[in-house]
Amino acid sequence: MKILLVLVLVLSFCLILPVLAVTESTAASTATVNKYKENAFNFDHQAITKVACEFWSLSEERTKNIMLGSRMPDIYQRGLSHLFNQQWSHGLLYGKNRTWRWGDANEDFHDNLLGTKGIDQNRNSSPEDETENLFHEGWNNGSADQFYLKDDQTTGDWYLGYASHFIEDVTIPPHTTSPFPGRLDILYHHASFEVWLTNNLEKGHRLIDAAALDNEYYIVTDPSEDLKRAAWNSCYWNEEGYGKEVWDNYVSDGYPTKENSGSPELVKNAKNMITEAVRWSRGTIKWGLDQYNQWTDQQK
Ligand SMILES: [Zn+2]
């Protein structure tokens, strides 16, 4: 029975969403990436990341660069050839009692921050040939640490943004909640929920404003474990998390999508959710800048 459920889940993901993905090889490297169309329902990571950077008073130039990194996983991601795809990489779905069901966003988060081998000045042009890196999920087999350690602050910052994407994603219940048992709507209304978010993040209800006024951040110490914690906090099946309230509000409001739609209850809980995303993003940025001593802008 369990196998059947997993099969249905896998098929649902495989049938509905990967129509968006095509495989493409880049000339610059041997990495195979998945390319996605820009979709209206993509959660706006740049808005979240911007507020996180502003909290640390980073320069406009660095902020923009980190923001661009944070958007990238929704456009390009390493590769179908490694059996990664967007639905797998951008989610960490738990069932009841924190039982893992799907996804490995924690590994993408970790691998874009920390390389398997750290700095390697002598990396050849096809790092994927190195078997030990075959399952490294960092963009183009790189990671923030590699570039910071090479004193390439710009690329290190970009990776920090790229990594932040994954922890921001798992603050949203559809990215962390197994549709079973009895919550299939969280799968089928995932897209409409993100449309509603996009329509109410920097316009409509302006959910982002609450997060910008908030003064806290979460401390990141162990990237993979911290992402799992963030994911469980937003999971519908966690009685102590915030995901259940958000999703129950969204359901009783009839799955709204439009600007300014949704009840005050939904808006209140969604503001809380967006604040969670920003706090984790702040924590990720602080982790990178502390760890690699990157608070001061590099002189060019
Ligand atoms: Zn994503």
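Colleague: Let's start with Leu187. Where is the place of Leu187?

Modeller: Leu187 sits in helix α8, which covers residues 185-188. Keep in mind that this is a predicted model.

Colleague: Is Leu187 buried or partly exposed?

Modeller: You count neighbours. A residue needs 20 or more other C-beta atoms within 10 Å to be called buried. Leu187 has 19 C-beta neighbours inside 10 Å, so Leu187 counts as partly exposed.

Colleague: And how far apart are Leu187 and Pro174, in sequence and in space?

Modeller: They are 13 residues apart along the sequence, and 6.6 Å apart in space from C-alpha to C-alpha.

Colleague: Okay, let's zoom out. How many helices and strands are there in the chain?

Modeller: The chain has 13 helices and five strands. As for burial, 48% of the 300 residues count as buried. Contacts tell you about the fold too: take those with a separation of 6 or more, and 74% of them come from residues 24 or more positions apart.

Colleague: How many of the residues of α7 are buried?

Modeller: 15 of the 17 are buried, so α7 is largely enclosed by the rest of the structure.

Colleague: What about α11? Which of its residues are buried?

Modeller: The buried ones in α11 are Pro223, Asp226, Leu227, Lys228, Ala230, Ala231, Asn233 and Ser234. They pack against β4 (93-94), α5 (105-113), α7, α12 (243-252) and α13.

Colleague: How do I read two helices that pack together?

Modeller: Two packed helices are described by the angle between their axes and the distance between the axes. Take α5 and α7: the angle is about 160° and the axes are 8 Å apart.

Colleague: What does that angle make α5 and α7 to each other?

Modeller: An angle over 145 degrees counts as roughly antiparallel, so α5 and α7 are roughly antiparallel to each other. The crossing of α5 past α7 is left-handed.

Colleague: Which residues of α5 and α7 meet?

Modeller: From α5 you have Ala105, Asp108, Phe109, Asn112 and Leu113, and they meet Tyr159, Tyr162, Ala163, Phe166, Ile167 and Asp169 of α7. Sorted by class, this contact of α5 with α7 has eight nonpolar, one polar and two charged residues.

Colleague: Let me try another pair. At what angle do α2 and α13 pack?

Modeller: Helix α2 (residues 45-55) and helix α13 (residues 264-291) pack at about 55°, with their axes 8 Å apart. That makes α2 and α13 oblique to each other, and α2 passes α13 in a right-handed crossing. On the α2 side, Ile48, Thr49, Val51, Ala52, Cys53 and Phe55 meet Ala277, Val278, Ser281, Arg282 and Ile285 in α13. The contact of α2 with α13 has eight nonpolar, two polar and one charged residues.

Colleague: And how do α2 and α3 pack?

Modeller: Helix α3 covers residues 60-71, and it packs with α2 at an angle of about 145°, with the axes 8 Å apart. Their crossing is right-handed. The contact is made by His45, Gln46, Thr49, Lys50, Cys53 and Glu54 of α2 together with Arg62, Thr63, Ile66, Met67, Ser70 and Arg71 of α3. By class, the contact of α2 with α3 divides into three nonpolar, five polar and four charged residues.

Colleague: Now the backbone. Which residues does a cis peptide bond join?

Modeller: Look at omega. A cis peptide bond joins Phe180 and Pro181, with omega about 0°. Pro181 is in the loop between α7 and α8.

Colleague: What about phi? Which value does Asn97 have?

Modeller: Asn97 has a positive phi of about 60°, although it is not a glycine. Asn97 is in the loop between β4 and β5 (100-102). With 7 other C-beta atoms within 10 Å, Asn97 is exposed.

Colleague: And what is the phi of Asn140?

Modeller: Phi of Asn140 is near 50°, again a positive value in a residue other than glycine. Asn140 lies in the loop between α5 and α6 (144-149). Asn140 has 17 C-beta neighbours inside 10 Å, so Asn140 counts as partly exposed.

Conventions:
Residues numbered from 1 in each chain as written. Predicted model: local features only at pLDDT ≥ 70, side-chain atom pairs only at ≥ 80, totals over all residues. Buried ≥ 20, exposed ≤ 12 C-beta atoms within 10 Å, placed from the backbone. Helix = DSSP H or I, 4+ residues; strand = E, 2+ residues; numbered from the N terminus. Axes fitted to C-alpha atoms, helices over the stretch in contact; angles between N-to-C directions. Parallel < 35°, antiparallel > 145°, perpendicular 65-115°, else oblique. Left-handed = near helix turned anticlockwise from the far one by under 90°. Contact = placed C-beta atoms within 7 Å. Nonpolar A, V, L, I, M, F, W, Y, C, P; charged D, E, K, R; others polar.
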